[in-house]
Every structure is written in C-alpha cells, then in structure tokens.
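This report describes selected parts of one protein structure. Please keep the sequence and the model in view while reading.

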Amino acid sequence: ALPPNLPPLFLIASCSWAIECTIGSRHKLDASYLSPHVNMASRLEQASKQYGVAILISGDVFGLLSKRVQVLCRFVDRVTVKGSNAPVDLYTFDVPEPRSLGGTVEDELDLSVLSNEEFYNVVRPAEEQEFSQSFSMAIDSYLGLAEGEGADWRRAEECLRACLEVKPEDGPARTLLSYIEKERREGIDMRTWKGFRSLDSK
C-alpha cells in the first residue's frame, strides 16, 4: 500500500525526438533537451490537471501500445496546444481503486509477481459498461467526422450528463461538458468546427 498523504502523481506519456545538450559555463553545466516535443510534454502535463486524470497519453504513444493495452485506454479529446497546429489525440487509463477505497484491486496486491495475462485481468479500467458506452457516444457526437462535420453537440451534452450520473466526479466528462456549454452559450458557428479544440493554458 502507498504511504498516506502523498502528493498527487501524474504520468504523462508522449514520445518523439529531442536533442540532448549541456548548457552553462565551466563553473556549472546543466543537461537540457531541445525540441518542440519537450514543450508538448509540458503542455500535456498541465492538461492532465484540466482533465482531472492521473494518466494522460498522447496519440503517438497510444499507437505504440499493443492492441491488448489500447483497449484498456479511454479516448478523451482531440486538441492543439500552443506552439503547434497539429491536432493531438488524448487518452487516459482509468486507474482502478483499491478495495479499501471501494474499488476492485486488492490493497496489498504485488504486481511484480503477476504474468501479463493476470495483470490485464486484475487491473481493469475503473469504468462501468453504461459509462463507457455513454462516453464513447459523447466523444463521437462532440468531435464529428474527420473535419468536424456531423458533430452533434446537443447529443454530446446529453451523453456527458448521462456519464456524470454514473460517475459525478469524472474529470474528462466534466471538462468536455463545460467546454461545450461555454461555446454554445457564446453562439459557436458549428460550420467553423474542425473536430478539435485548442487548449487555452499551458
């Protein structure tokens, strides 16, 4: 079991190239990594707090996962970040809670002794089928087709509210619902919707 009162832990999964170098003088040298993808990782770290998730995975990393692991992940949004115009798919893994907190995982479970087969069976995402179906429909309605055409935000709102009836504190559902409600209040022209949004903070 983890010690009590630990600060929140976040796992950000992003991958690409970077140049490793040293910066400084003969008195002090620091290692540094130069790449636009370093900025991307920083943006995703902040985004994990917006979505209220402990794990946030970029589409590039998701594509490197095995099919068996991909089905355990939840697609939560498609965004652009400051400094990049390329949309990025975002995924999370809904970490199951230990039984002491009402979850399904044994409190003293030693993951190091589990085979891959046992691991995939034990550490399943903390989602109910009703929630998963509603969230999937919400994402489809929110994003629309490849260029955003066919998006139905009214339907997306209905599905997201259904999600929150099952999991009232779900971060991605709350974040997307808040964004959709704000844009609709401000009279968004859906003809300008391209199937992704811009994250407005680092």
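Which residue of β6 does arginine 78 stand opposite? The model examined here is a predicted one, and in it arginine 78 faces aspartate 89 of β6.

Strand β5 covers residues 74-80, and five of its seven residues are buried, so the strand is largely enclosed by the rest of the structure.

β5 pairs with strand β6 (residues 88-92) in the antiparallel sense, over five bridges. With strand β7 (residues 197-198), β5 runs parallel, and two bridges join them. Valine 79 has arginine 197 in β7 as its bridge partner.

## Helix α7

Helix α7 consists of 15 residues, numbered 171-185. From its first C-alpha to its last, the helix reaches 21 Å, close to the 21 Å expected at 1.5 Å a residue.

At the start of α7, a side-chain oxygen of aspartate 170 comes to within 3.0 Å of the backbone nitrogen of alanine 173. After the helix comes glycine 187, which has a positive phi, near 75 degrees.

The buried residues of α7 include Ala173, Leu176, Leu177, Ile180 and Glu183. An α-helix has 3.6 residues a turn, so residues three or four places apart point the same way.

## The second largest pocket

The volume of the second largest pocket is about 420 Å³. It is lined by 20 residues, of which Asp94, Val95, Glu97, Ala126 and Lys167 are the closest to its centre. By type, the lining of this pocket comprises eight nonpolar, six polar and six charged residues.

How values were computed. Residues are numbered from 1 along each chain as its sequence is written. This is a predicted model: local features need pLDDT of at least 70, side-chain atom pairs count only at pLDDT 80 or more; totals for chains, interfaces and linings use all residues. Side-chain values use heavy atoms; hydrogens and water are left out. Helices (H or I, at least four residues) and strands (E, at least two) are DSSP runs, numbered from the N terminus. The expected span of a helix is 1.5 Å times one less than its number of residues. Buried means under 20% relative accessible area, exposed over 50%, partly exposed in between (1.4 Å probe, protein chains only). A polar contact is a pair of N or O atoms within 3.5 Å; within protein, one must be able to donate a hydrogen and the other to accept it, and residues adjacent in sequence count only if both atoms are side-chain atoms. Two strands pair if DSSP finds at least two bridges between them. On a 1 Å grid over the protein atoms alone, a cavity is a set of points where a 1.4 Å probe fits but cannot get out, and a pocket is an open set with protein on both sides within 12 Å along at least five of seven lines; lining residues have an atom within 4 Å of a point. Grid points are joined across faces, edges and corners, and a volume is the space filled by probe spheres set on the points. Ala, Val, Leu, Ile, Met, Phe, Trp, Tyr, Cys and Pro count as nonpolar, Asp, Glu, Lys and Arg as charged, and the others, Gly among them, as polar.
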